[in-house]
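Please open the model in your viewer and keep the sequence panel beside it.

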Amino acid sequence: IRVVDQLREFGETRRGWLGVRIQDVTAEMADAIGLEDARGAMVTDVPVGPALDGGVQVGDVILSFDGSDVQDTRGLVRVVGESTVGETVRLVIFRDGGTETLRITLGRRETAEAAATPEVDGDSPEAAPSSVILGMTLTPLTEELRSELNATNVTGGLVIQMLDPVSDAAEMGLQVGDIITEVTQAPIATVADFQARIDAADEAGQESILLLIRRDGNPRFMALSIKEDE
């Protein structure tokens, strides 16, 4: 009914736009970040738009949108699309072990879909020898690899060159060619960065860590066990 009314009044649709890329939260991901229940929508990317202006960050989990609980990505997409362009809404997010409330003024989806995504320039790290961590053979992202892996806008990160087929990484769905850009919600550029994040998580008693990967240009979070087999 709302769409029909908009077509009658404006001759076009005017759907609300939050401006985030999101994914569902798995039980493993919830455990890795200290979220009690596997619910909400985890933010994998925040392009220029309403969410960025309102303070939303990659790794935030959206738990509530304008008073409505968010159970998964489908629910969030639906409620945002039904919202009014220009409306200011309250967004409850989970970040760094606690909840915060942000105020976001929604944009218009149709306008956003017509706009081009800006490119991000950045220098790649120098080539470095590969190292094996948790069954993954990793090497820093180079200019050549960036081109091969459709990662023009990615800076920093480690590329999975080889993967032990019986490792937890393979079992969780990681693949050769994936680019790991964040570990425990902090950017990495070297194997030493990655190992330091693992060591810190292990010292804190965590059994898994959260990775942000880029695959064929698309960002996605995955939880990976760091427990050694007995």
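Select strand β6 (residues 88-95) together with strand β7 (residues 98-105), which pair in the antiparallel sense over eight bridges; strands are DSSP runs of E with at least two residues, helices are runs of H or I with at least four, and both are numbered from the N terminus, while two strands count as paired if DSSP finds at least two bridges between them. The model is predicted, so local features need pLDDT of at least 70 and side-chain atom pairs count only at pLDDT 80 or more, whereas totals for chains, interfaces and linings use all residues. Residues are numbered from 1 along each chain as its sequence is written, and side-chain values use heavy atoms, with hydrogens and water left out.

Within this pair, F94 has T99 of β7 as its bridge partner.

Now pick V92 in β6, whose contacts (heavy atoms within 4.5 Å), leaving aside neighbours within four places in sequence, are V61, I62, L63, S64, T99, E100 and T101.

Continue to helix α4 (residues 73-81), and colour T73, G75, L76, V79 and V80, which are buried, that is, under 20% relative accessible area with a 1.4 Å probe and protein chains only. These residues lie on the same side of α4 because they cover an arc of only 160 degrees around the axis, taken from the directions from the helix axis to the C-beta atoms. Their cover includes β1 (16-17), β2 (21-24), β3 (41-45) and β4 (61-65).

Finally, select strands β14 (residues 208-215) and β15 (residues 218-225), which run antiparallel and are joined by eight bridges, with L211 opposite M222.

Notes: Buried < 20%, exposed > 50% of the residue type's maximum accessible area, 1.4 Å probe, protein only.
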